Amino acid sequence: MSNNMQNPALKETALLRFMTCGSVDDGKSTLIGRLLFDSKTILTDTLTNISNTSRKRGMETIDLSLLTDGLQAEREQGITIDVAYRYFTTGTRKYIIADAPGHEQYTRNMVTAASTANLAIILIDARKGVLTQTRRHSYLAHLVGIPHIVVAVNKMDLVDYNQEAYDKICADYMAFAEEIGLAGARDIQFIPMSALNGDMLVDRLDNMPWYKGDTMLELLEKAPVAHAEAEEDFRFPVQFVCRPHASSDAELHDFRGFMGRVESGEIAVGDAVTILPNGYESKVKAIQIGNEQIQSALTEQSVTLLLEDEIDTSRGDMIVKTNNLPETVKQIDAFVCWLSETPLSPARTYIVRHTARESKAKVAEIQYKVDVNTLEEQQTNDLKMNDIARVNFKLAQPLMVDSYKKNRATGAFIVIDESTNSTVGAGMIV
Amino acid sequence: MTIKKTLSHLDWLEAEAIHILREVAGQCSNPVLLFSGGKDSLCIVRLAEKAFRPGRFPFPLMHIDTGHNYKEVLEFRDRRVKDMGERLIVRSLEDSMERGTIVLKHPDEPRNKHQSVTLLEAIEEHGFDCCIGGARRDEEKARAKERIMSFRDEFGQWDPKNQRPELWNLYNARSHKGENIRAFPISNWTEMDVWQYIEREKLELPSIYYSHERDVIIRNGDIIPANVELANGEVINKPKSGEEIVKKQVRFRTVGDITCTAPVYSDADTTSKIVVETATTTITERGATRLDDQTSEASMELRKKEGYF
Ligand SMILES: Nc1nc2c(ncn2[C@@H]2O[C@H](COP(=O)(O)OP(=O)(O)O)[C@@H](O)[C@H]2O)c(=O)[nH]1
């Protein structure tokens, strides 16, 4: 007979999204390759109940970076390098890795990868220590609001697994992290490793007895997933309104369902809600997923809300709790990462897409741009691809926003070029 | 520190897919859901039910029929559509062949790669601005960078340099007339997630996904289903002279065009057994050679979808 769903390795698990940042040759592909490969071994071990404590994971003959793709080849051909998404599961967690190339020109890729990550692994070559690119990666991870940072000091084998070398890098990093306000705001952990040998990745091995902390996999398995750590404000952008009124079914005749995803917070039947921007108030009569009724909905769940009163609501409106409103604004002040080869033009009208809502927008002012290497603020009149700047926009329609620091869903927006329909900018509201 | 309850991975993937389907419905004026009766599209149809019921789907379903599909799958497709009460459009390669827009080099030529012609003709005929499909990023290395809303130009072409950055869950499905968006709601699912979801939702699948005894030919190491009878009575995949027909216990991992989808040896005759098999097979024969197998297996899946995506 088969072992079926009783098997603990096959139950429903939590999901963590993380990203890896490193410069060329820091060992990113090797790290990812090993996680992809070793996690399959773990899953199989669990499934077949083989003890895996003493077994060495035999990877010697395989080039781990082969498991990820040939970014090298792309680089040689000068093709735009994009974020790649990869997946593995350990049986206790499913992971989505956003793998962004680390080179300076690729700020936009890093910002893209960071936008959905709850944890960032920042790779440092033990021989080289904290470099300009380490600072850049850390600043961007901070800007895009990744709450958990793992600083992985790689290639420890090339410095004889020396503890002093490792300690010095950690101290250098902390000094810099304090400088940019990363230290207090984010959870930072350090780990020494050798992606090539596998030290401290999945197995501890015995080259670094002085390190008592978690292995990389243990860190990942323990890291909080998104939305797990704090109470949040309830925000529900309406994506689609369901009115099957043509139906001959009497019960459905007056059905009016507001469909969307709980971007943050939670909602239960009976809660008092306000619909923005109009400000109508009502109560939640029912919550459904398809035809199934539920009593409450969690963060990130896609549901349909039914209200007690008949309220005219359409896509782009936002349902929130009456005692906890976001700001309704027609001006925004935001950090913007420019994504397009065509520079921003202050003379043009753009479209800002925020939650399920769109508004025409014009630049009111570019306050300054940030040099991502020195973190200096510079005066500027234009924005080119990969630039990060603080920009004020004027909006034609009101948006219901929170600051990005407080809420990554209602604090974020993208900028769309009306003529090409391209996504040209990414914004985080201050 | 308080740790709040969060969604399980299947609930999260489900919620993400529903969100994507609703964005398509909200942003596009005339979308269509590509539906073959295969396992990925059956998952998407279940997701669409969760997204839009008690309403009707805000899009029709469409199948591009190569004329070389398994009877079991076509019957299943029609039964499922009837149960749902939704509208299915079928466009077939044979119509394009009659029109002369598809010319086969020889009658046995695999038809998958021609699917795109019929698809583009159907898109133009109906004026669709978005096609919802079941491709996943884990199917093939090259797909790892594919967007959830992927942009196609007027010729249906995918230009890697002309794809839109995708941040947070803010999707941009805008297009000009003639252009087209391909939306992939289960991009972030792996084959394992798909099977786990099928198990959890108790989804019914066409029978050939489960282990069964079948007449096959072993040709260059590939398992070729032998003497397959089509819905119109025609029999294809006849043995060449000197080839022997053997009986094997097999199941299909994908059910595309008969001429280019090979089954795998398997005793897994229930969804739970397939979940276990999927979790273990990828690794048990580990090693460098296995990597190559994985690539060709993935490209098999890709070939199936090449026409579509
Ligand atoms: N000695 C040693 N070499 C490593 C380690 N990690 C990666 N490498 C090697 O460094 C080179 C670059 O690694 P790769 O993973 O391709 O780097 P990426 O460019 O960051 O993806 C390869 O030759 C790897 O084998 C390590 O921990 N120790």
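## Basis

The model is predicted: local features need pLDDT of at least 70, side-chain atom pairs count only at pLDDT 80 or more, and totals for chains, interfaces and linings use all residues. Residues are numbered from 1 along each chain as written, chains are lettered from A in the order written, and side-chain values use heavy atoms, without hydrogens and water.

## Helix pair in chain A

The axes of H4 (residues 132–143) and H5 (residues 163–179) of chain A come within 11 Å and cross at roughly 45°. Helices are DSSP runs of H or I with at least four residues, and axes are lines fitted to C-alpha atoms over the stretch in contact, with angles from 0 to 180 degrees between N-to-C directions.

The contact (heavy atoms within 4.5 Å) involves Thr134(A), Arg135(A) and Ser138(A) of H4(A), and Tyr173(A), Phe176(A) and Glu179(A) of H5(A). Two of these residues are nonpolar, two polar and two charged.

## Interface of chains A and B

Chain A contributes 93 residues to the contact and chain B 74. Together the chains bury about 6900 Å², 59% of it on carbon and sulfur atoms (accessible area lost, 1.4 Å probe, summed over both parts). On the chain B side, Lys4(B), Lys145(B) and Trp168(B) lose the most area to chain A, together 13% of what that side buries.

Four salt bridges are found across the interface of chain B and chain A (side-chain nitrogen of Lys or Arg within 4 Å of a carboxyl oxygen of Asp or Glu). The side chains of Glu358(A) and Arg174(B) form a salt bridge at 3.0 Å, N to O.

Methods
Helices (H or I, at least four residues) and strands (E, at least two) are DSSP runs, numbered from the N terminus. Ala, Val, Leu, Ile, Met, Phe, Trp, Tyr, Cys and Pro count as nonpolar, Asp, Glu, Lys and Arg as charged, and the others, Gly among them, as polar. Buried area is the accessible area (1.4 Å probe) that two parts lose on being put together, summed over both.
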